[in-house]
Amino acid sequence: MSDAAHAHDDHGHHAHPAGIMRWLTTTNHKDIGSLYLWFSLIMLFTAGSMALLIRSELFEPGMQLMHPDFFNQLTTMHGLIMIFGVIMPAFTGFANWQVPLMIGAPDMAFPRMNNWSFWLLPVAGIMLLGSFWLPGGAVAGGWTMYPPLFIQGGVSYDLTILAVHIMGLSSIMGSINIITTILNMRAPGLTLMKMPMFVWTWLITAYLLIATMPVLAGAVTMLLTDRNFGTHFFNAAGGGDPVMFQHIFWFFGHPEVYILILPAFGIISQIIPTFARKPLFGYASMVYATASIAILSFTVWAHHMFAVGMPVAAQLFFMFSTMLIAVPTGVKVFNWVATMWKGSLTFETPMLFAIAFVCLFTIGGFSGLVLAMAPVDIQLQDTYYVVAHFHYVLVSGALFSIFAGIYFWLPKWTGHMYNETLGKVHFWLSVIGMNIVFFPMHFLGLAGMPRRIPDYALQFTEFNQIATVGAFIFGFSQLVFLYVVLKAIKGGAKASDRVWEGAEGLEWTLPSPAPYHTFETAPVVK
Amino acid sequence: MKSMWQRAGAIGAAWGVSQSALADYAYNLQPPVSKVAQDVFHLHNLIMLVCVGIFIVVFGAMFYSLFKHRKSVGHKAAHFHENTTVEIIWTVIPFIILVGMAYPAAKVVIEMKDTSNPDMTVKITGYQWKWGYDYLNDGVQFYSTLATPREQIDGTAAKDAHYLLEVDQPMVVPVGKRIRLLVTGNDVIHSWWVPAFGVKQDGIPGFIRDTWFKADKIGTYRGQCAELCGKDHGFMPIVVKVVSDEDYKAWVARKKGTAQAAAADNGKTFGTAELVARGEKVYQANCAACHQANGMGLPGTFPAINGSKVATGPIADHIKVVLNGRPGTAMASFAGQLSDADIAAVVTYQRNAWDNKTGDAAQPADIAATRGGATAAAAPAAAL
């Protein structure tokens, strides 16, 4: 601890700029981590409001609130912002805060690049959101940007392509930083196979990002030149192929799915052992399972395209490879359950979210298995079943892990305990609301309701009304979360250094709140 | 495996029965009326059972642990953290279950993909936002658009039972015949989906994909476009009437009669009032989705026709835009979709409706003259 205090004095002579300039020029991993998380939170409420507008329009059959084109803009932007503006930045925020603290490094490897990779994001965010006010409105072609529909749109489509490029740059720089930090700046004695699972999952995620972001950049660049410079990559009349875009997009898109969930696996793997007071079961198999999921994720992309029409051999290959991913994913779930088994469990808010994650993410995994069966997928592709599936993995999966991680590390970051009662209120409202929104969507999809439609046939009314009610419960309960976080930042019970009785790892050896500069002298791990 | 398969089928049948009792609360796959849809139905039941079974076992164990191994009941943490045997078992068992699932699924994939030996072939083209049907064996060709009136969508009229799932001209097919579908798209990607047949096939502009179905039961089956295709994606339903062989033949004869009458119109000369009246109908069915009933379009997305240079300028240019479309925009070419008489009518309507009081009229003969070479250009698309 004296190291940390000493470090602080040492840096006293670097005059910190105050106010806005502090945040604009900061190269401190903790500041940048906070910036990422605040950005993510603001975007969560923005894209969440869009979801509530969508659900309001879908409360009953008929067009009540908006024009179909605006509805399509909302679904498209909701998807793009939730993925690129909420989940990915939140995980990068965690990585910035936690990776140096967990491996005993003083900061990220490239602090200035770190600043740059954050500050690109608000630029991209403004470009995306600003396009609502451009002629023709925001992009309405779906977050998957399929041509030829995407070729038809107005200027906001070009702006979105540019925004995707900028977000991709930000992700690639962030990933380079994370990989370099993890590989070069671990404390002496902290071998790879001793690293906390969160660090492992982020290392693998960062490689996935570096491998796939350029692919996305290539795909959207071809869209840009098709739109503006007379190329015909995706236009059959000029010798191109619209389906080629889908292959390239999903070659990025499927690993992207794991980019959105592997860090979640990492957070959950930190939390469950803490509150089970028992080491993570099968650490090595967890690492190998994560790596196999990442590698397999490059071989399954065309399961998003079964309805496109592929040769039998391709249909079978992608069906088998997709089903195979269930094996390492199953191993992870079994390991978490085995970690809880014969533990000494307590149920603080982070643990509650982690348990809900294991259960509900598994439901999303099962519906994924159903969708992996190509013949069943033909019936369910582009229906609400798919909407239910990916919201189970992204809301009760990725988002719940983010909530869990915030409650888990917030005392370390702020030095104050959050209000446990309100945390639990937030948990129960979220978990109940989330299931009311998304569970009925399985039925809607099975019964034949296509996704991305602003109006629907009468037999879908009841489940849509239930889903809308759930959406408002879920949406407004996030205000409780905001209140809990703000309250913990302002004050509250003083958090101890270790915070949680069962906490293990370097970050818990630091004072709470963690000083501005930490581990200037590397700790030794035995 | 076989017994599991049959058991799943039995449960599936039971579900089917309970579903008809709860017809309003649609919560399961629609009752299948083709072999493929039947197989998919059973496959889904089977995988659902497997998933529910695994879920109960795994989370039974977890919840047991949550209640028994909690600190508040005084449970002390054990310290084991690996067990190679257990880890191998729970890697191998899921793998075996998956192989068991993959086998029946692969059989259905192969069945779905076998489009050989059809009794008849229909080419289906997706347009923004309607479906075109082209019966290659019987020479019948028509377009199918949403029949639900605007007032029902806007909520000023009561919604009928088949709200948004009704069309002006349904696809008609004979029962018990293998029907091969050639699916494509004209402008963007659409997806032709009828759940009861277990068929969903994307229509990709410039490419043709094939699929097939054989309907086992006479009846009316409804589906929708399943691929986001722009503003009115939610408003291009599919209705397929499965009829007896005789009824099908009668329908083909009727369709051909209508086509001849329409062809005869192309040789006539109409009065302006007559053209405007006919053109208004054509406009509502083909143009109003984008350019709006009031001709004002949607600023920034779809241009207005009321007061536009095209609709008030030289009539020859106006006809060209309607015939050829505007490449690179959502404005499609109507050369292959509308007859000369309909194009003449809609052009005349646009030039005389709202504030466009040009007073001039286009005749079918003018369209035919403008087509000249254009007919040849449009022909390959129509002939596919």
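This is a predicted model: local features need pLDDT of at least 70, side-chain atom pairs count only at pLDDT 80 or more; totals for chains, interfaces and linings use all residues.
Two strands count as paired if DSSP finds at least two bridges between them. I start there since bridges come up throughout this talk.

Take an example of a bridge. I179(B) has F213(B), in strand β8(B), as its bridge partner. The two strands concerned are β5(B), residues 179–185, and β8(B), and they pair in the antiparallel sense over five bridges.

Five strands of chain B make up an open sheet, and the order across it is β3-β2-β1-β5-β8. The pairing in this sheet is mixed. At the edges are β3, residues 140–144, and β8, residues 209–213, both of chain B, and each of them pairs on one side only. On average, neighbouring strands here are turned by 25° against each other, with direction ignored.

Now the β3 end of the sheet. Strand β2(B), residues 130–135, pairs with β3(B) in the antiparallel sense, again over five bridges. W131(B) stands opposite S144(B) in β3(B). The two strands form a hairpin with four residues between them, and in that hairpin G139(B) takes a positive phi near 70°.

Next, strand β6(B), residues 190–194. Is this strand enclosed or open? Five of its five residues are buried, so β6(B) is largely enclosed by the rest of the structure. Both faces are covered: on one side are H190(B), W192(B) and V194(B), on the other S191(B) and W193(B), and all are buried.

What does β6(B) pair with? One partner is β7(B), residues 199–203; the two run antiparallel and share five bridges. Here W192(B) stands opposite Q201(B). This is also a hairpin with four residues between the strands, and G198(B) takes a positive phi near 70° in it. Strand β9(B), residues 219–225, is joined to β6(B) by two bridges, and that pairing is antiparallel as well. W192(B) stands opposite C225(B) in β9(B). To put the two together, W192(B) faces Q201(B) in β7(B) and C225(B) in β9(B).

On to a pair of helices. Helix α9(B), residues 315–324, and helix α10(B), residues 340–352, pack at an angle of about 125°, and their axes are 10 Å apart. The two helices are therefore oblique to each other. Their crossing is right-handed. Which residues of α9(B) meet α10(B)? From α9(B) they are I315(B), H318(B), I319(B), V322(B) and L323(B), and they meet I343(B), V346(B), V347(B) and R351(B) in α10(B). By class, this contact has seven nonpolar residues, one polar and one charged.

Last, the contact between the chains. How many residues does each chain give? Chain B gives 83 residues and chain A gives 79. On the chain B side, the elements that supply two or more residues are α2 (35–68), α3 (84–113), α4 (150–154) and β7. The largest share comes from α3(B), with 15 residues. By class, the chain B side divides into 45 nonpolar, 21 polar and 17 charged residues.

Note on methods:
Residues are numbered from 1 along each chain as its sequence is written. Chains are lettered from A and ligands numbered from 1 in the order in which they are written. Axes are lines fitted to C-alpha atoms, for helices over the stretch in contact, and angles run from 0 to 180 degrees between N-to-C directions. Angles under 35 degrees count as roughly parallel, over 145 as roughly antiparallel, 65 to 115 as roughly perpendicular and the rest as oblique. A crossing is left-handed if the near helix is turned anticlockwise from the far one by less than a right angle, and right-handed if clockwise. Two residues are in contact if their C-beta atoms, placed from the backbone, lie within 7 Å. Ala, Val, Leu, Ile, Met, Phe, Trp, Tyr, Cys and Pro count as nonpolar, Asp, Glu, Lys and Arg as charged, and the others, Gly among them, as polar. A residue is buried if 20 or more other C-beta atoms lie within 10 Å of its own, exposed if 12 or fewer, and partly exposed in between; C-beta atoms are placed from the backbone.
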